[in-house]
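Here's a quick tour of some local features worth a look before you set anything up. Have the viewer open as you read.

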Amino acid sequence: MAEQRQRAERVAARAWCGVDSRASGLEQCRAMLSRMRSETAAPGSPWLVAALVLSAMWWMLDLAALRHGVPHPADDHWEDHLIAGHLLGGDGFRTHLIYPPLWGLRDRRTLTVPALVHGPVLPLLTAPALRVLGPARLDSVAPAAALFALLALIPIFRLGTRHFGAPVGAAAAGLFTFAPATLEAVHHSGSVVVGAALIAWTLDLLARARPRGLAAGLLAGAAYLVRPEVLVALPVLLWLAWRRRSSTWPARGAVSRPSDPALLLLVGFVVVALPWWVHHARAVGSPFFNLTSYTLIGFWKGRPDVSVMQDFSLTPARWPAVLRAELPGLLPKWIAFFPHAAKNALCSPSTATGWLALVGLGAAWAGGPRGETASDPRTPRFAACALLLALIPVAAMTLTWHQRLYLVPFYSLFAIGAAAGMSVVARALPAWAQRPRAWIGLLALLLLPSSLPAFKRAGDEAHALARRLVAEREALARDVPGAGPAIAANARLPGRGRWKPAKGWPRLMFSDTPDFVAWTTGRPTLWVTREEFERLYPRRGSGDAPRYELPPRAQVAGFFHDDFRNPASVGTLVRPAGEDRGR
């Protein structure tokens with residue numbers, strides 16, 4: 001009986017590899033090696049090379065030749081720089097950019113708080129660059145983000161090729177590269193680009209006949225530490241990794257079956273995420289706390305814009321109770337935001353190509369015709385998972401704020417779906433338009449009306465931001481004692497007890513662009529608007545500052561803008577009370 005069972009399992013293993021059990025041993029080995037190669041290297045490599053070369057040329061033109069991608073003072077990457085500096089100084093994951101709800105968690109000696117907004121991956125990647133380049137040269141992260149956008153094309157191409165054919169894979173890579181939101185993300189939001197690359201690689205490892213569960217779990221965990229919404233995607237990824245017992249493969253030299261890839265995925269995810277959960281649990285008592293979850297009740301009526309994240313009284317301890325109290329009244333917000341969220345999704349990767357994603361993924365889910373070279377029976381499941389994953393940013397935009405960059409981490413799926421949709425639509429066109437080069441050209445024509453204006457706007461924005469950064473750095477270097485070019489105060493930022501404010505100048509600053517101000521001056525900086533600052537420190541009276549244990553007015557300063565989001569708006573310094581303007 002044991003011998004019969006072993007023989008049956010060997011036959012099943014050959015069947016999984018597409019090997020005829022009646023073939024000779026040499027033919028069986030060749031067939032198995034061919035199947036293994038098809039799982040690791042998608043066919044149609046000339047298409048991939050063309051996509052990579054075209055994408056590299058695009059980013060070189062954008063960043064090197066035309067010098068786009070100038071950072072905005074309100075970009076998030078400045079805080080990653082701050083955390084990286086504290087890591088190099090031995091402080092751990094801490095920052096001197098202080099969100100008002102976290103003011104109570106500050107170290108009173110160093111005026112730093114635990115990092116509870118950004119994950120640890122980007123600061124860890126930034127720390128070596130900060131060590132090598134120094135703070136004066138570490139400015140824009142656009143080149144690094146472009147590199148991750150380039151790396152994302154490999155799994156995007158593989159996924160598209162495996163399920164729909166090499167032309168679809170190449171077209172999806174092009175759509176991802178030239179999408180207006182990808183351009184904006186590379187310039188100003190590197191985290192969503194890194195998240196897109198990690199999610200694409202995770203999907204590539206899972207959407208195979210032989211899923212790499214553990215490797216995919218490690219990458220999914222890293223993606224979660226960059227983009228917290230990946231935690232919501234985990235059940236879908238587990239479903240994509242799951243295989244029936246009959247479709248598993250025998251271990252080498254043994255008859256026992258290996259661990260289920262879904263289980264390995266979960267193990268890898270937890271291994272990566274667990275230390276960060278411990279960090280949060282020690283800091284605020286909840287492993288899953290993230291300050292950005294405050295936006296669930298923000299951007300609406302009594303809590304406009306990001307004011308909910310600037311509320312000193314809304315501490316992490318109070319957050320669960322406040323959320324439960326306000327949750328019943330949020331339905332009107334969701335009803336109002338959903339059309340905007342749906343519109344953003346239907347206009348992705350671009351305004352004229354978003355509808356194609358529904359066509360392509362819908363046809364694949366229904367078991368419709370696949371690409372010319374693809375014959376993967378798992379395509380319907382992949383399409384169903386892609387549709388479910390695409391709903392995650394739609395839900396996020398409905399529940400929080402309809403910011404289209406929330407879509408970028410899942411743009412690989414939108415790009416593959418749109419390319420597959422175009423290949424489906426092409427079948428209804430004349431014979432000449434059904435050739436891959438023809439329908440890819442038509443797809444490019446649909447993309448250009450969105451991409452070219454976005455490229456033009458990026459250039460105008462870059463010029464305005466370059467002037468703004470020069471003006472603000474000069475103002476801060478001139479008016480804040482101890483701050484120098486680019487700025488020298490950063491050189492003494494990291495380290496316990498090494499930071500000392502200039503004598504007679506306030507140690508604590510307030511700003512509506514606190515990431516940039518904290519990085520530029522080295523001063524601990526609280527994120528508030530000018531209106532909130534004047535409420536805390538009115539010209540007459542004590543204001544609300546004593547209530548939150550803030551320093552007296554003479555011991556603080558501010559840096560505010562008329563409209564901090566406007567690239568041309570230059571900030572002005574609000575000096576300590578009674579200080580001479582000519583100092």
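Glutamate 549 sits in the loop between α20 (530-536) and β6 (556-560); helices (H or I, at least four residues) and strands (E, at least two) are DSSP runs numbered from the N terminus. This is a predicted model, where local features need pLDDT of at least 70, side-chain atom pairs count only at pLDDT 80 or more, and totals for chains, interfaces and linings use all residues. Residues are numbered from 1 along each chain as its sequence is written, and side-chain values use heavy atoms, leaving out hydrogens and water.

| Residue | Phi | Relative accessible area | Class |
|---|---|---|---|
| Phenylalanine 299 | near 60 degrees | 15% | buried |
| Glutamate 549 | near 60 degrees | 49% | partly exposed |

Phenylalanine 299 is in the loop between α12 and α13 (319-326). Proline 349 belongs to the loop between α14 (331-346) and α15 (354-365).

Which helix gives the most to the nonpolar patch? That's α12, with 3 residues.

Lastly, the axes of α6 (residues 142-164) and α17 (residues 411-426) come within 10 Å and cross at roughly 40 degrees. The crossing is right-handed.

Conventions
Axes are lines fitted to C-alpha atoms, for helices over the stretch in contact, and angles run from 0 to 180 degrees between N-to-C directions. A crossing is left-handed if the near helix is turned anticlockwise from the far one by less than a right angle, and right-handed if clockwise. Buried means under 20% relative accessible area, exposed over 50%, partly exposed in between (1.4 Å probe, protein chains only).
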